[in-house]
Amino acid sequence: MTTAHTVDRDSGAGRPALDDNDRAALARLADDLAATAPGRTDDPDWVAAARRLSNRLPLSLLDTLRSFRADPGPDGVLLLRGLPLGADLPPTPSVPESVERRAARPSALIALIGMALGELAAYRDEKSGALVQNVVPVPGREESQSNAGSTMLEMHIENAFHPYRPDLVGLLCLRNDHDDLAGLRTASIRRAVALLDAPTLAVLREPRFRTAAPPSFHDLAGVTTPHPLLAGAPEDPDLRVDFTSTAPDDPAAEKAMSVLGDALSMVAETVILHSGDLAWVDNRVTIHGRTAFTPRYDGRDRWLHRCFVHLDRRRSRGARPGDGSVLI
């Protein structure tokens with residue numbers, strides 16, 4: 001997969017890499033955070049420690065993160081490979097609403113890197129507001145269009161219905177599926193906008209679409225007020241669509257949304273995440289989904305940690321009681 005910036009196991013032209021010394025330093029930093037009292041990823045003191053320790057990430061990594069935050073590139077994806085997860089991962093969870101409350105090296109890694117990019121955020125009505133969530137297959141939910149499913153997950157902007165949806169979505173792979181079939185699919189409006197004609201763009205910029213909350217928000221019902229699918233600079237718009245949960249208001253809007261979907265499909269790419277790979281998706285310009293796979297529920301199934309990041313935390317202050325990290 002082509003990405004704006006890539007940190008890989010192997011050095012390459014124009015591809016900054018973490019060397020062994022940097023990986024060792026990153027492992028020590030993550031272990032220090034995991035051991036920070038009270039050792040709970042949702043505790044404000046632990047989050048503050050993650051914010052403080054994120055300043056000590058290896059300089060090559062900080063430089064890459066800062067560049068991605070300033071400009072996510074044409075694909076809106078940053079792929080970091082080979083992060084030091086450590087040995088002896090526990091079995092993959094398989095229960096509904098799985099989250100990571102107790103800090104460990106993997107959850108500390110994604111928190112550290114997330115805090116270097118912005119501020120961690122979560123939603124009270126999704127997985128009880130956990131800041132580090134598990135994306136795992138759950139028995140009986142194979143066909144669900146959610147993080148608990150294993151069928152093909154349709155492309156979407158994360159929490160497209162929400163006024164304070166994440167700016168960035170982080171996905172850290174602890175292990176992939178047995179057959180190495182599950183892939184992260186992404187498509188950027190920065191590449192697709194050139195494929196859209198002026199009449200289609202005009203409709204997509206009008207408030208003629210409504211988006212429902214995804215299945216992971218169990219206590220929410222109804223849909224948003226009408227909104228456009230594209231907003232902002234004409235040549236570099238933001239994207240707001242979920243191809244499962246967004247519905248057009250009229251036939252012209254339906255046609256425009258279909259054309260948009262076709263354009264995004266034409267520029268879509270897929271990357272297989274392996275253990276230690278961390279992908280950050282810019283949720284303002286890039287939709288993401290997942291290819292299908294077959295879980296075995298044997299403790300070795302696909303397992304990702306997921307975190308959300310806001311780049312402008314102040315914007316959501318009224319929705320975060322006590323100036324915390326969880327939005328109501």
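**View 1. Overall dimensions of the predicted chain.** For 328 residues a compact globule would have a radius of gyration near 20 Å, and the chain, at 19 Å, agrees with this; the radius is taken over C-alpha atoms, and the globule rule is 2.2 Å times the number of residues to the power 0.38. Along its principal axes, the C-alpha trace spans about 55 × 45 × 45 Å. This is a predicted model, in which local features need pLDDT of at least 70 and side-chain atom pairs count only at pLDDT 80 or more, whereas totals for chains, interfaces and linings use all residues. Residues are numbered from 1 along each chain as its sequence is written, and side-chain values use heavy atoms, with hydrogens and water left out.

**View 2. The largest nonpolar core.** A nonpolar core is a set of buried Ala, Val, Leu, Ile, Met, Phe, Trp, Tyr and Cys residues joined through side-chain atoms within 4.5 Å, where buried means under 20% relative accessible area with a 1.4 Å probe, protein chains only. The largest such core holds 42 residues, of which Leu33, Leu80, Leu83, Ile113 and Trp280 touch the most other members. Helix α4 (residues 105-117; a DSSP run of H or I, at least four residues) gives the most to this core, with eight residues.

View 3. Neighbours within four places in sequence aside, Ile113 is in contact (heavy atoms within 4.5 Å) with Leu57, Leu61, Leu65, Leu80, Leu83, Leu278 and Trp280.

Terms used. Buried means under 20% relative accessible area, exposed over 50%, partly exposed in between (1.4 Å probe, protein chains only). Helices (H or I, at least four residues) and strands (E, at least two) are DSSP runs, numbered from the N terminus.
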